[in-house]
Amino acid sequence: MERSFQKVLIIEDDREIAAVVALNLSDLGLEPVHAYNGREGLRLARKDFYDLIILDLMLPEMDGMSVCSEIRRDDPHTPIMMLTAKSEEIDRVLGLELGADDYLTKPFSIRELTARVKALLRRSRINRSEETKDLPSELYRICDLEVDLTKHRANLKREPLDLTIKEFELLSVFIRNPGRAYSRAELLRLVWGYDFEGYEHTVNTHINRLRNKIEEDPGHPKYLQTVWGLGYRFAEAEEVNE
């Protein structure tokens, strides 16, 4: 039987912040679960299913970076929102590269928190739910790669690809417009939704991960090509089939 509620794991050692976050998640009809150190948070993440994980970077026993990396190794799909301090810009970049889907800088407004939570849960629900099963597919095929944007699925040689939310969104941007070159700044804006000045390395990291999943030889990609001095483009069908 499908659960009628959505569970959110909050891994935050500041009990006051955790309580405020939990209270506002409860007001959204969500069920919050607390962990006050990184090791306990990872244990809970592995023990149960959560619709969203809110993860602080600075944690006792095990830092947020390590927790994020371990969670992503086990589970590429559950959305992760990182909580960071303003002084931790480099850590935000690393967190996104490790697979976090979003970040929120402390101190944050409750309105911004709830808006981000709703957006992540909405994308996750589309990815997992049965809501799209009867909808017409928005299907794209190039050579052996098939991407269904409606059902949030991708296959390579008829085998399903295990993509994170951001990897799928990145692939979606490219496959909608094969042949078009995108700068790293454009991809940051389109996929992450923010103007991350100086965060271009985050795009490079996700491109490399995506290549490792869709390319037969990631060192010589046939789908996801580098445009030197600009960014990246997705090959058109006739190029791939040559």
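Q: What makes the contact between Glu 40 and Arg 43 a salt bridge?
A: The N to O distance between their side chains is 2.8 Å. A salt bridge asks for a side-chain nitrogen of Lys or Arg within 4 Å of a carboxyl oxygen of Asp or Glu, so this pair qualifies. Please keep in mind that this is a predicted model, where local features need pLDDT of at least 70, side-chain atom pairs count only at pLDDT 80 or more, and totals for chains, interfaces and linings use all residues. Residues are numbered from 1 along each chain as its sequence is written, and side-chain values use heavy atoms, with hydrogens and water left out.

Q: Why are Glu 40 and Arg 43 about one helical turn apart?
A: They sit 3 residues apart in helix 2 (residues 38-47). Helices here are DSSP runs (H or I, at least four residues), numbered from the N terminus. In general, an α-helix has 3.6 residues a turn, so residues three or four places apart point the same way.

Q: Why is Glu 40 called partly exposed?
A: Its relative accessible area is 26%. Buried means under 20%, exposed over 50%, and partly exposed in between (1.4 Å probe, protein chains only), so Glu 40 belongs in the middle class. Arg 43, at 41%, is partly exposed too.

Q: How do you know that Arg 180 and Glu 186 form a salt bridge?
A: Their closest N and O atoms are 2.9 Å apart, which is within the 4 Å limit. Arg 180 has 39% relative accessibility and counts as partly exposed.

Q: Are Glu 169 and Lys 166 buried or exposed?
A: Both are buried. They lie 3 residues apart in helix 6 (residues 165-176), and their side chains meet in a salt bridge at 3.4 Å, N to O.

Q: Why is the span of helix 1 said to be close to the expected one?
A: Helix 1 (residues 15-27) has 13 residues and reaches 18 Å from its first C-alpha to its last. The expected span is 1.5 Å times one less than the number of residues, which gives 18 Å for helix 1.

Q: What makes helix 7 roughly perpendicular to helix 8?
A: The axes of helix 7 (residues 184-192) and helix 8 (residues 200-214) come within 9 Å and cross at roughly 75°. That makes them roughly perpendicular, because angles of 65 to 115 degrees get that name (under 35 is roughly parallel, over 145 roughly antiparallel, the rest oblique). Axes are lines fitted to C-alpha atoms, for helices over the stretch in contact, with angles running from 0 to 180 degrees between N-to-C directions.

Terms used:
Helices (H or I, at least four residues) and strands (E, at least two) are DSSP runs, numbered from the N terminus.
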